[in-house]
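Me: I would like a close look at a single part of this chain. Please keep it plain and give the cut-offs.

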Amino acid sequence: MAYVITSKCIGTKDRSCVEVCPVDCFYNLSDPALNDKYGRKAKSDDDPGMLIINPDECINCGACETECPVEAIYEDTGVPADMKEFIQLNADAVAGLSDSQLDAMRVTAKG
């Protein structure tokens, strides 16, 4: 089991969740197509997309869920039906990436 970030993060990327993660399993998916698809403007032109959680690294502690100000994080078994695609999106975003690619995308602090 793992936690999943859903569409509510698109255009927000608050990163409060990152601050409480004990294993640093958050990654920046910088994909402007997500903003276009869901009609959410990025906070700035250089920060499109959303954060994702690497399901292979998540320890299912739940600390992130309560910290998310927009309620974008769900346990994978509790993702609402209309957001189920984000389970796969979170997994696919990091699948097959090298350690150096993962390190370049990893988010470990709010700022």
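Which residues does D47 touch, not counting residues up to four places away in sequence?

Reply: This is a predicted model, in which local features need pLDDT of at least 70 and side-chain atom pairs count only at pLDDT 80 or more, while totals for chains, interfaces and linings use all residues. Residues are numbered from 1 along each chain as its sequence is written, and side-chain values use heavy atoms, with hydrogens and water left out.

Leaving aside residues up to four places away in sequence, D47 touches K13, R15, N28 and A42; contact means heavy atoms within 4.5 Å. With K13 there is also a polar contact of 2.8 Å between the two side chains. Such a contact is a pair of N or O atoms within 3.5 Å; within protein, one must be able to donate a hydrogen and the other to accept it, and residues adjacent in sequence count only if both atoms are side-chain atoms.

D47 sits in the loop between α2 (32-38) and β3 (50-53). Helices (H or I, at least four residues) and strands (E, at least two) are DSSP runs, numbered from the N terminus. Because its relative accessibility is 16%, D47 counts as buried, the limits being under 20% for buried, over 50% for exposed and partly exposed in between, with a 1.4 Å probe and protein chains only. Of the 111 residues in the chain, 42% are buried.

Among contacts with a separation of 6 or more, 79% come from residues 24 or more positions apart.
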